[in-house]
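Please look through the sequence and the model below before reading on.

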Amino acid sequence: TVEVEARSLPMELSEKGGVENNGFVQNEAFEDQETDTSSQEEMPKTCSVDVDPVAVEETVLKPYAGMPKEVLLQFSSQARYRVTREILFWLIIAGSVALVCATIAIIALSPRCLDWWQASPIYQIYPRSFKDSNMDGNGDLKGIQEKLNHITYLNIKTVWITSFFKSPLKDLGYGAEDFYDIDPIFGSMKDFENLIAAIHDKGLKVIMDLIPNHTSDKHRWFQLSRNWTGKYTDYYIWQDCTQAAGSVIPPNNWVSVFGNSSWQFDDVRKQCYFHQFGKEQPDLNFRSLAVQQEIQDIIKFWLGKGVDGFSFGSVKFLLEATHLRDEPPVNKSQNGENITAYSQLYHDYTTTQVGLHDIVRGFRHTMNEFSREPGRYRFMGTDDDEKEDIEATMMYYGTTFIQEADFPFNFNLINMKNLSGNSIFEAVDLWMKNMPAGKWPNWAVGSPNAARISTRVGKEYVNVMNMLLLTLPGTPVTYYGEEIGMENIVSENVSGEHVNSGPVATLPGKSPMQWDGEVNAGFTEGNSSWLPVNSDYQSVNVEIQSTWSNSTLSLYRALTSLRNNELPMNRGWMCHIWNDSDVFVYVRELDGLDRVFMMVLNFGQESTVDLKAEVPNLPSEAVIRLSTHFSNAGEVVNTKLIKTEMGEGLVLEYKTAQPVHTMEAFQGKCFVAEKVCYSKAFNLLYRNC
């Protein structure tokens, strides 16, 4: 029953089954005052409402936005909220644990990323012949900076600059007069700093030469040593000489690399000093700890300038035997007085002496001090060509526990006496079979100290040699100009005016870089260059080859792109399939990846080979991914009948479920430097497979 007084505004709910609402009552005084003022009127009658208690409770206790803590706590303890909260909590905990475990597993299973010196080919520059910026006819550091876009155009990220120290330019600059300064012919220290900054701005790295074995006879150390000055007295190797009939009799029969005695009498000190190379290049005494510290300081100086790595040259000559005994002659019946050539002696006492590798490890230790910053690993290579002694070369890798060089530079492909499929196989196999496990290979087909490919083996083999270089496992090294097929200049054009002294025989391979078809091949805007430009520069140059789809330069760029973008090509297995007098065949493949690349390279005459008979389960057809004959790319070949012409190279691509390196028949013919596997499901690499 509800009784309503029309004039009454306040409303009370009976305590029975109701809730009192004092929403309009401020305080008791106000209520009393209201009662008194209404005395003339009849008291309003009470409005009574019967309310269901459960309905009221549900209405009041329904959650709402902005509820206070006290109300919130009333709901948090209810089962439906508590259980949901606990489920979410444990799901988050389980998900976090799973994420951490997955991260740890991925890190544990992931292979080490290739470092910068492994991931990119190295482009070697002889600075005097690369680009002249000031019209004096000599290449310089500013010229290199002007042409950095060419490096990136080649898909290369590492530049190796040969010696540019201040020098009298004896032996083409390899005898330094000051290890802390730039020769003025190349520019200034500011030019070098600008070059380093420009190289790094483009995301490139730079390696420089350092020949610690000797200095120039103009070096301050030598001048002090010849005058018996303090600690410099024994910075070089001095010995008493005897004189008879106006001629000097050396302490022993040791011969210089350039020929004749390796001892030179000094009129100031009245003793003989030792030199493994030219007489203007006295050898430092590395048995002196002070000398070793001097070289360490030089390394730190250039690393501090931002250099990313060093190629240490002539390191096998750093120590000599202290007993000074005569070296044994190759021909024992030969009269000792007639021995004048370096090849006439076994150099048992002047190369690779005990203690040598301790010094090399000291260089590595200094490099490591500058490699602690993330992403700034400092590369170390050794540039010593042992030729006949592969085991001595491999020692420069160091051991499993003691690191030396990241790799000794490999000149096997340059030292071949003749070119054939068999000789290429032997050169590759020799390095891969002798390289310590887990180490990284490298390859070079050109060098400042060798004839260019075109001259050495013939123009028809330039493209296939570049294809070999860029498809073998490891780091390829390209000597400037080989990407366009430059040739040696004619030897008659090289005279004494071009060099003060030293190995003039290597000069034809150091002719100026051929940039375009303009005068002096775009190398200099001056009237002449320090060496003549090759007469073929109008057809063999960067500018014109960049417009030809079938040029040596275009093929080179396609090969570097393939190497950079295909996993099997930059870190997969290499398996030797076949070789004969004409062809060398090998595959590159990766565990977990069904795509395989097969290289069929012709280093002889026209040839046809049945590879289906050599490789079980080889597909009957393969697609030509790249060819030295560009028009053949994309064609399908029959693997039972693969024909190649003289100097032709093919990069074939096919799919298989059974890669060659898993076949028993090819065990011992497959090599991998850093084994990784590919997961197609997760699209990532892992190592434990």
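The residues of the lining of the largest cavity divide into four nonpolar, four polar and four charged, where Ala, Val, Leu, Ile, Met, Phe, Trp, Tyr, Cys and Pro count as nonpolar, Asp, Glu, Lys and Arg as charged, and the others, Gly among them, as polar. This is a predicted model, in which local features need pLDDT of at least 70 and side-chain atom pairs count only at pLDDT 80 or more, while totals for chains, interfaces and linings use all residues. Residues are numbered from 1 along each chain as its sequence is written, and side-chain values use heavy atoms, with hydrogens and water left out.

## Empty spaces

Rolling a probe the size of a water molecule over the atoms shows where empty space is left. The search works on a 1 Å grid over the protein atoms alone: a cavity is a set of points where a 1.4 Å probe fits but cannot get out, whereas a pocket is an open set with protein on both sides within 12 Å along at least five of seven lines, and lining residues have an atom within 4 Å of a point. Grid points are joined across faces, edges and corners, and a volume is the space filled by probe spheres set on the points.

Across the whole structure, five cavities of 30 Å³ or more are found, and the largest cavity holds about 70 Å³ of space. Its lining includes Asp-384, Asp-385, Glu-386, Lys-387, Phe-409 and Trp-431. At least two lining residues come from each of α12 (390–394) and α13 (412–415); helices (H or I, at least four residues) and strands (E, at least two) are DSSP runs, numbered from the N terminus.

The largest pocket has a volume of about 1,400 Å³. It is lined by 48 residues, of which Val-257, Lys-316, Phe-317, Asp-385 and Lys-387 are the closest to its centre. Two or more residues of this lining are given by β11 (309–313) and by α13, and β11 supplies the largest share, three residues. By residue type, the lining of the largest pocket divides into 22 nonpolar, 15 polar and 11 charged.

## Disulfides and other cysteines

A disulfide is a covalent bond between the sulfur atoms of two cysteines. Here a disulfide is taken as a pair of cysteine sulfur atoms within 2.5 Å, and the structure holds two of them.

| Disulfide | S to S distance |
|---|---|
| Cys-241 to Cys-272 | 1.7 Å |
| Cys-575 to Cys-670 | 2.1 Å |

The disulfide between Cys-241 and Cys-272 links distant parts of the chain, 31 residues apart, with Cys-241 in the loop between β6 (238–239) and β7 (242–244) and Cys-272 in strand β10 (residues 271–274). For accessibility, buried means under 20% relative accessible area, exposed over 50%, and partly exposed in between (1.4 Å probe, protein chains only). Cys-241 counts as buried at 17% relative accessibility, and Cys-272 is buried with a relative accessible area of 1%.

In the disulfide of Cys-575 and Cys-670, the torsion about the S-S bond is about 115°, so this disulfide is right-handed. Because Cys-575 lies in strand β16 (residues 573–579) and Cys-670 in strand β24 (residues 670–671), the pair ties together parts that are 95 residues apart in sequence. Cys-575 is buried, with a relative accessible area of 0%, and Cys-670 counts as buried at 14% relative accessibility.

Two further cysteines can be described in these terms: Cys-101 is partly exposed at 46% relative accessibility, while Cys-113 is exposed with a relative accessible area of 63%.

## Strands and an annotated helix

Two strands pair if DSSP finds at least two bridges between them. Seven strands form an open sheet in the order β21-β20-β23-β18-β17-β16-β24, with antiparallel pairing, and its edge strands, β21 (636–638) and β24, each pair on one side only. Within this sheet, strand β20 (residues 621–627) and strand β23 (residues 649–655) are joined by four bridges in the antiparallel sense, and Ser-627 has Leu-650 as its bridge partner in β23.

Elsewhere, strand β1 (residues 122–125) runs parallel to β2 and is joined to β2 by four bridges, with Thr-158 as the partner of Ile-122.

Finally, UniProt lists residues 87–109 as "transmembrane region" in an unreviewed entry; UniProt positions are given in the numbering used here, feature names are shortened, and annotations may be inferred rather than shown by experiment. In the model, this span is 100% helix and 0% strand, and the end C-alpha atoms of residues 87–109 lie 32 Å apart.
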